[in-house]
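Have the sequence and the 3D view open as you read.

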Amino acid sequence: MRGVRLAYALLGMSTLLAALPAMAVDNVPPLPTPQLQQRYYQLTHELRCMQCQNEALADSPVGLAADLRLQVRELLIAGQTDEQIRQHMVDRYSEFILFRPRMNWRNAWLWGAPGVLMLVGVVVAWRVIRSRSQLVDSEEADPNAESLNS
Amino acid sequence: MTRFLLPLGAFALLVVVLIVGLRHAPEKNIIPSPLIGKSAPQFALQNLSDGHSPVSAALLRGHWSLVNVWGTWCPECRAEHEALLQIKREGQVPIIGIDWKDADDEAQAWLSQLGNPYSTVGTDHDGRVAIDWGVYAAPESFLINPDGVVVYKVIGAMTAEIWHQKCLPLIQARSMPATQAGSGS
């Protein structure tokens, strides 16, 4: 009897736990069309909450995030493109509000760095391999090298 | 020779990067405003004192002004209040307040208790104007030049030190050559 009760309790608890993701911060009614809702979801996940800087707008419980989500919603309904909405936020809060930074002349070196490092690596590897192979050649040519190694 | 120069060069580069990083460390949490150098955003707010007579960007023309975003719910605003009163007493610029997502009666009580440093206060109940100004954490203050252009932004509490060392020099630097350049602007 106790076992059954325990099983029910566990079942109830796990159901509650499974429902946790539904307790989202953002619980306003969905937008009129699924397409708009999808874009709203994407935008609010790629815009930063400026107050708690490592959270997305979608996940942040602070008032400012709610106000900014409302603006995203209104701009979507007003028919603005995703890029226009991003720009609207950047104009006010700088590019810091974008989780995915844009490429520009100031950060171009960062974007290019992996390529440059790769190139440096290839050059270094090539030179090392070449000098090593010459080393082997000269060792073989040297009659004393054999006796030194053994 | 390159055997030593290369690692040494890499190390020197690393040192330079770290020094630059350390020097910028205090500003790490400050996000530069994209508004600097641009015209102050347009706005029209209700006046806290009488509920009408709109507070707008037109107030920011023809003289220097300081726009201060605050709220009674904000502890740092309490901390900077004395500095604002001091700036008012010095009388160089009017301070225009934007009361951000606040209750009017609480804001009025706050000003009558602590003193009112503002020439005008607009009430931003829904927070839209604050967003247009790129405000993310009250208090924030904006120094506006006579053309209505944002010149400087202070994030966090205004202090007498910031006012005298950062803001006043900007005002003085501009008002001196202004007599000659007046016709050009």
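Just past helix α3 of chain A, Gly79(A) takes a positive phi of about 90°. Before going on, some housekeeping: this is a predicted model, where local features need pLDDT of at least 70, side-chain atom pairs count only at pLDDT 80 or more, and totals for chains, interfaces and linings use all residues. Residues are numbered from 1 along each chain as its sequence is written, while chains are lettered from A and ligands numbered from 1 in the order in which they are written. Helices (H or I, at least four residues) and strands (E, at least two) are DSSP runs, numbered from the N terminus.

(The expected span is 1.5 Å times one less than the number of residues.) Its buried residues are Leu64(A), Ala65(A), Leu68(A), Arg69(A), Val72(A), Arg73(A) and Leu76(A). Here, buried means that 20 or more other C-beta atoms lie within 10 Å of a residue's own, exposed means 12 or fewer, and partly exposed is in between, with C-beta atoms placed from the backbone. The cover over those buried residues includes α2 and α4 of chain A, together with α4 of chain B.

Asp67(A) also sits in α3 of chain A, but it's partly exposed, with 16 other C-beta atoms within 10 Å. Leaving out neighbours within four places in sequence, Asp67(A) is in contact with Gly127(B) and Ile131(B); a contact means C-beta atoms, placed from the backbone, within 7 Å. Compare Arg5(A): Asp67(A) is 62 residues from it in sequence and 46 Å away in space, C-alpha to C-alpha.

Next comes α4(A), residues 82-93. Its twelve residues should span 16 Å at 1.5 Å a residue, and its end C-alpha atoms are 16 Å apart, which agrees. Which residues of α4(A) are buried? They're Ile85(A), Arg86(A), Met89(A), Arg92(A) and Tyr93(A). They cover an arc of only 130° around the axis, which puts them on the same side of α4(A). That arc is the one made by the directions from the helix axis to the C-beta atoms. The face turned away from the buried side carries the exposed residues Glu83(A), Gln84(A) and Gln87(A). On the buried side, the packing partners are α2 (34-46) and α3 (63-77) of chain A, plus α4 (128-132) of chain B.

**Where the chains meet**

The contact takes 13 residues from chain A and eleven residues from chain B. On the chain A side, α3 and α4 each supply at least two residues, and α3(A) gives the most, with five residues. By class, that side of chain A has six nonpolar, four polar and three charged residues. (Ala, Val, Leu, Ile, Met, Phe, Trp, Tyr, Cys and Pro count as nonpolar, Asp, Glu, Lys and Arg as charged, and the others, Gly among them, as polar.)

**Chain B**

Chain B has six helices and seven strands, in the order α-β-β-β-α-β-α-β-α-β-β-α-α. Its radius of gyration is 21 Å, well over the 16 Å that the globule rule gives for 185 residues, so chain B is more spread out than a compact globule. (The radius is taken over C-alpha atoms, and the rule is 2.2 Å times the number of residues to the power 0.38.) The C-alpha trace spans about 80 × 45 × 30 Å along its principal axes, and 31% of the 185 residues count as buried.

Most residues other than glycine have a negative phi, and most peptide bonds are trans.

| Residue | Phi | Loop |
|---|---|---|
| Ser94(A) | about 70° | between α4 and α5 (108-141) of chain A |
| Lys101(B) | about 45° | between β4 (95-100) and α3 (104-114) of chain B |

As for peptide bonds, a cis one joins Ala138(B) and Pro139(B), with omega about -5°. Pro139(B) lies in the loop between α4 and β6 (140-144) of chain B.

Definitions and conventions
Two residues are in contact if their C-beta atoms, placed from the backbone, lie within 7 Å.
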